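Subject: Structure for you to look over

Dear colleague,

Please find below the structure I promised to hand over. My notes on it follow, and I would be glad if you read them with the model open beside you.

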Amino acid sequence: MIKLLSHLSHVRLATHDVEGTTRFYEDQVGVRTIHTDDEGAVYLRTWGDYYQYSLVLEHGDEPSLVSMAWRTTSAEALDEAARRIEAAGITGTWKDSSFGHGRSYTFTGPYGHTMELFWDVDKYQGEGELRSIYPDRPERRSRHAVAPRQLDHVTIAASDVVGFATWYRDVLGFRIMAHTVLEHANINVFSVLTTNEKSHDLGVVLDSSQRPGRVNHFAYWVDTREDLLQAADILMENGTPIEYGPSIHGIGEQNFLYFRDPSSMRVEVNTGGYRNYVPDWEPNTWTPSQGSNNFYRNSQMPMSMTECFPPDAKPSATEEGVLPGTEEDLLNPYNKHGLG
Ligand SMILES: [Fe+2]
């Protein structure tokens, strides 16, 4: 298969309060509004975004992932990706252009997640006081605290982790990089997929709810662990609780911290991690006791981390604190889930 996708370009989230959520991302996270469209959707960019934006906020009654957008490797790859998706029995829709990019193909995958693919894109170049002295930077480094450089990944939830990973590998060419399977039950609770050298730009956690198309979190990237620790410090100083971390994932070897936006959507900040260019990489299967999620294995992941969006109509087993697996899994002192 020719390489079809190059990287995650943006995520589009629904929030009940676009204005308040936008203010949070601007003030607490340090990303910047670049556009508001006729429907009131707000487009925000990090200082390192090569394109116009990486986050879109639109109004919705519940927090949710409206869509996740990947840039293809060429115009031909966009057509080929659409052809392969339709050959797999899914019909998407073409759109001539959207703010910041050209022709796109949007489809909803077998587990209910909407993905947008495009090739033509408007690159960003800051002018005036936004121009960087680094010619390769689209904009000067933000002086705001946290101020992530780029979007890193999105982690969705699906009722069948292996089924999801296999479909996106076979149809769109994602590489599967690692799995987490429970210690005492053959249940895959987490897998990571990538279109490039990172451990993942797409994660999938097990979803025991009845709602398709849910999301667990999306993640921004900062350059260094010091930046991440400072982000944690400043979030706390500003009254934004940290849900989990800072620590390091075994899978991907990335430093992490998680917090929530005002719609309750979970946001991760990442840094570090390996680069992997092996085209026929064989994914390892981790168990939670190996530190797949928290490599230091010295703290429990809060149960709140299993909450996905939009909320389940009925509380799922995991949200009530009962995880799949045996009693021994439940008593395991390490994290049972492999969230990353
Ligand atoms: Fe993550």
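Across which strands does helix H3 lie, and at about what angle does H3 run to S11? Before the answer, a word on the source: this is a predicted model, in which local features need pLDDT of at least 70 and side-chain atom pairs count only at pLDDT 80 or more, while totals for chains, interfaces and linings use all residues. Residues are numbered from 1 along each chain as its sequence is written. H3 lies across S9, strand S10 (175–181), strand S11 (188–194) and S12, and runs at about 15° to S11. Helices (H or I, at least four residues) and strands (E, at least two) are DSSP runs numbered from the N terminus, and angles, from 0 to 180 degrees, are taken between the N-to-C directions of lines fitted to C-alpha atoms, for helices over the stretch in contact.

The chain as a whole

The protein chain has five helices and 17 strands. Its radius of gyration is 19 Å, close to the 20 Å that the globule rule gives for 340 residues, so the chain is as compact as a globular protein of that length; the radius is taken over C-alpha atoms, and the rule is 2.2 Å times the number of residues to the power 0.38. Along the principal axes, the C-alpha atoms fill a box of roughly 60 × 50 × 40 Å. Buried residues make up 46% of the 340 residues, where buried stands for 20 or more other C-beta atoms within 10 Å of a residue's own, exposed for 12 or fewer, and partly exposed for what lies in between, with C-beta atoms placed from the backbone. Of the contacts with a separation of 6 or more, 68% are accounted for by residues 24 or more positions apart, a contact being two residues whose C-beta atoms, placed from the backbone, lie within 7 Å.

The nine-stranded sheet

Nine strands form an open sheet of mixed pairing, in the order S14-S15-S16-S13-S9-S12-S11-S10-S17; two strands are said to pair if DSSP finds at least two bridges between them. Its edge strands are S14 and strand S17 (284–286), each of which pairs on one side only, and neighbouring strands are turned by 20° against each other on average, direction ignored. Within this sheet, strands S9 (residues 150–158) and S12 (residues 202–206) run parallel and are joined by five bridges, with Leu206 in S12 as the bridge partner of Ala158.

Strand S15 (residues 254–260) is mostly covered, in that six of its seven residues are buried. S15 pairs in the antiparallel sense with strand S14 (residues 242–248) over four bridges, and likewise in the antiparallel sense with strand S16 (residues 266–272) over seven bridges. Phe259 is the bridge partner of Ile242 and also stands opposite Val267 in S16. Each hairpin has five residues between its strands: in that of S14 and S15, Gly252 takes a positive phi near 85°, and in that of S15 and S16, Ser264 takes a positive phi near 85°. Ile251, in the loop between S14 and S15, counts as buried because it has 27 C-beta neighbours inside 10 Å, and its C-alpha atom is separated by 8.0 Å from that of Trp286, 35 residues apart along the chain.

S5 and S8 pair in the parallel sense over four bridges, and Met68 stands opposite Met115 in S8.

In H2 (residues 75–87), Ala77, Leu78, Ala81 and Ala82 are buried. They cover an arc of only 140° around the axis, which puts them on the same side of H2; the arc is that of the directions from the helix axis to the C-beta atoms. What covers the buried residues of H2 includes strands S5 (64–72), S7 (104–108) and S8 (114–118) as well as helix H3 (161–172), whereas the face turned away carries the exposed residues Glu76, Arg83 and Ala87. Just after H2, Gly89 takes a positive phi of about 95°.

With best wishes
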